[in-house]
Amino acid sequence: KKTNKKARNMFRTSRPFNFFSNTKKNQQYSSASSLSCRQEEANQKRSSLRLTQHHPNVKLPSQYHEKSRKEQIQQCCHRFRKYPNAVDTLSKTLKIIKANPMEPKYRIIDIAHPGYQRSLANVPGIEALLRAIHFVPSGKKNRLFLRHLDQNLLQFALKCLEEVKQSTDYTQSKQEMQFRKEMNALLRTVPSDSELRKRKELLSKVPKEATGGSGTLIQIKIPLLNDDNTETSETLQRHFDSDDTIQDIVHWLGGTLGTMFVVNLRQSRAWSLLDRNRMTTGNESNNVPIDCSETLGKRTLQYHGLWPSGKLVLCPSSSAWIENGASLPVEIG
């Protein structure tokens with residue numbers, strides 16, 4: 001008996017605690033929490049009853065936890081449609097799980113992993129979608145485990161993700177993300193001797209920088225992407241005279257950052273310059289790029305409303321702007 005007692009004490013690391021013990025402190029906590037829950041339920045019922053009495057034709061939308069799992073998945077996919085990296089990563093992960101349903105290692109997600117932190121962490125709707133397809137916290141810290149593999153639910157989630165990939169928000173966001181990566185690579189490239197000569201030639205065409213209060217300060221925002229996929233930007237600025245032209249700005253960009261700016265802004269029209277003071281979400285006509293072509297690029301900064309100051313942003317062009325040789329109609333000034 002003494003041996004068994006010693007053995008039992010050997011594996012006891014702390015005093016056992018009974019959460020259901022009938023102590024005074026536990027009773028007070030239990031009664032207080034149950035009272036608050038009952039009070040909250042009563043308040044909800046009272047408010048809904050009052051709304052029903054005064055507005056019988058009004059129906060409250062169902063809350064998120066009241067929706068079916070498929071409805072939750074649809075709602076989550078709609079929330080992160082502007083995060084293309086998250087959509088692609090999640091789609092790839094679910095396809096691997098579907099192809100290997102009996103492989104345990106594919107049913108565990110480490111949320112502390114750099115890949116998860118880079119692509120999925122802090123993206124709205126990601127964790128909610130994982131919960132909807134039966135991912136739950138495992139016994140280990142920072143890990144999610146697929147408790148139940150529902151093939152129909154998994155297939156539905158993949159279908160919703162494919163529909164997201166066809167949406168305009170996803171397409172535009174992915175185009176912008178690829179554009180930021182392209183800018184990163186371009187600005188980090190060491191120019192060759194031939195490139196440096198071409199840049200010097202472009203800078204020779206740029207008028208002398210305006211001084212004093214007569215000049216207009218032109219600021220150009222260039223979107224970039226950090227190594228952890230977070231968005232950042234770099235702003236270039238220079239003073240121009242009001243009668244300087246858009247072509248002068250293009251030559252200045254090409255001479256400062258690279259001749260690719262001249263090619264993509266003036267010839268291929270793959271990139272665009274937008275007036276940040278005119279950009280709106282409701283009126284798309286204000287988002288028409290400034291024409292940098294050799295003919296219309298000779299219009300002055302004052303004509304474009306970029307005096308006494310102007311804020312521009314470099315961005316990828318839409319397919320309509322690339323294909324349309326002539327400028328789209330837009331009011332200037």
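A residue counts as buried when its relative accessible area is under 20%, as exposed when it is over 50%, and as partly exposed in between (1.4 Å probe, protein chains only). Keep that in mind for the rings below. This is a predicted model, where local features need pLDDT of at least 70, side-chain atom pairs count only at pLDDT 80 or more, and totals for chains, interfaces and linings use all residues. Residues are numbered from 1 along each chain as its sequence is written, and side-chain values use heavy atoms, leaving out hydrogens and water.

Rings of Phe, Tyr and Trp (its six-membered ring) pair if their centres lie within 6.5 Å; planes under 30 degrees apart are stacked, over 60 edge-to-face, and the rest tilted.

| Edge-to-face pair | Centre to centre | Between the planes |
|---|---|---|
| Phe 240 and Trp 252 | 5.8 Å | 75° |
| Phe 261 and Trp 271 | 5.2 Å | 70° |

Helices (H or I, at least four residues) and strands (E, at least two) are DSSP runs, numbered from the N terminus. Phe 240 belongs to strand β5 (residues 231-240) and Trp 252 to helix α10 (residues 246-257), so their pair ties together parts 12 residues apart in sequence. Phe 240 is buried at 0% relative accessibility, and Trp 252 is buried at 8%.

What about Phe 261 and Trp 271: buried or exposed? Both are buried. Ring pairs also join them with Phe 179 in a cluster.

Charges come next: one sits over a ring if NZ of Lys or CZ of Arg is within 6 Å of the ring centre and within 35 degrees of the ring normal. Arg 238 lies over the face of Phe 240, 4.6 Å from the ring centre, while Arg 269 lies over the face of Trp 321, at 4.0 Å.
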